Amino acid sequence: MERTFVDEVELFLKAGRGGDGLLVSHRLPSGRFLNNGGSGGKGGDIYICADKSLTDLSSLLHQRNLKAESGGSGRRSNKTGAGGKDLVIRVPLGTRIREKEGKLLADLLKEGQAFLAAKGGRGGLGNFRKRVNDYLRKRSRGETGEEKYLILDYRIPAEIALVGFTNTGKSTFLSRLTSLKPKISPYPFTTKHPLWGVGKIGFSSFRVLELPAIGDNRFRNKIEREFLKHLERVKIIILFQDTSCGSLENFFLLNKLISSYNSRYLNKRIIKVVNKIDVGFKKDEEAIGLSLHHNRGWERIMREIKEVLALNSEF
């Protein structure tokens, strides 16, 4: 069974409660009291940390309520209770953290970058005092840890995106440009969720994203809702169609679809590619004819990528 791709989850987080202070005294031979109850330990914090080994948020799909450890109660002899263990939630690079109301709190783009999502409560004070005095019946309870509802929104941090209709050769192009080996089949909708791999030109590397193919209106609505948001971080959008379409009208439809989701995406560099030109391709100034089988058009596309990404290496 194919693993579910998850790019958005809502979490309820509860940081650890602070431990209670201890109320304890003992009578000295003089008849006075020594108060030596320790303070409670601090409750555990909750951090959200970027981890480059993760590719989506599926690890959190069935963990919507997360809680950090509470602090321990104070102990005798003025010993502070144990601090609660922090909880670290690991997410892929490119994860945004938002409040339910929409306010952006953090955008995790670097390996190891961490965000303090919920702070643990302070421990309560014990009845310890530095000097001997009367029996002191004062202590405080630990504070409650922060509670928050947060939305984690994963947007793939790629430089290049491949967008197109069914069976236009996007997956084949991706496998040629990167080390990724996506499933390639002659039937439509082979790619079910966004895929990405790392490409290289000389010693320079970049990430390449392939979105699932656009097909009928039902699937097109799904693409708009779930996957076009992943175009936000890219610098280059490569639009694909093949010679079976007979005209370049599909490029207009792709532009319209992207613009309807976010018109600013069209300010990015758009490269139009007509794939599979082994059969009947009429040269067009706006589009690059591509045949991976005969290696036609490949170098031109690589030059455009190099120019936009300002790479200083030869391909």
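Start by selecting Lys 170, Ser 171, Phe 173, Leu 174, Ser 175 and Leu 177 in helix H1: these are buried, meaning under 20% relative accessible area, with exposed being over 50% and partly exposed in between (1.4 Å probe, protein chains only). H1 spans residues 170-177 and is mostly covered, with 6 of its 8 residues buried. Helices (H or I, at least four residues) and strands (E, at least two) are DSSP runs, numbered from the N terminus.

A quick word on the model: it is predicted, so local features need pLDDT of at least 70 and side-chain atom pairs count only at pLDDT 80 or more, while totals for chains, interfaces and linings use all residues. Residues are numbered from 1 along each chain as its sequence is written, and side-chain values use heavy atoms, leaving out hydrogens and water.

What do the buried residues of H1 pack against? Show strands E11 (160-164), E12 (195-201), E13 (204-210), E14 (236-242) and E16 (287-290), plus helix H4 (298-309).

Asn 275 stands opposite Leu 290.

Last stop: select Leu 60. Leaving aside residues up to four places away in sequence, Leu 60 touches Val 9, Leu 11, Leu 66, Ile 89, Val 91 and Leu 152, where contact means heavy atoms within 4.5 Å.

Terms used:
Two strands pair if DSSP finds at least two bridges between them.
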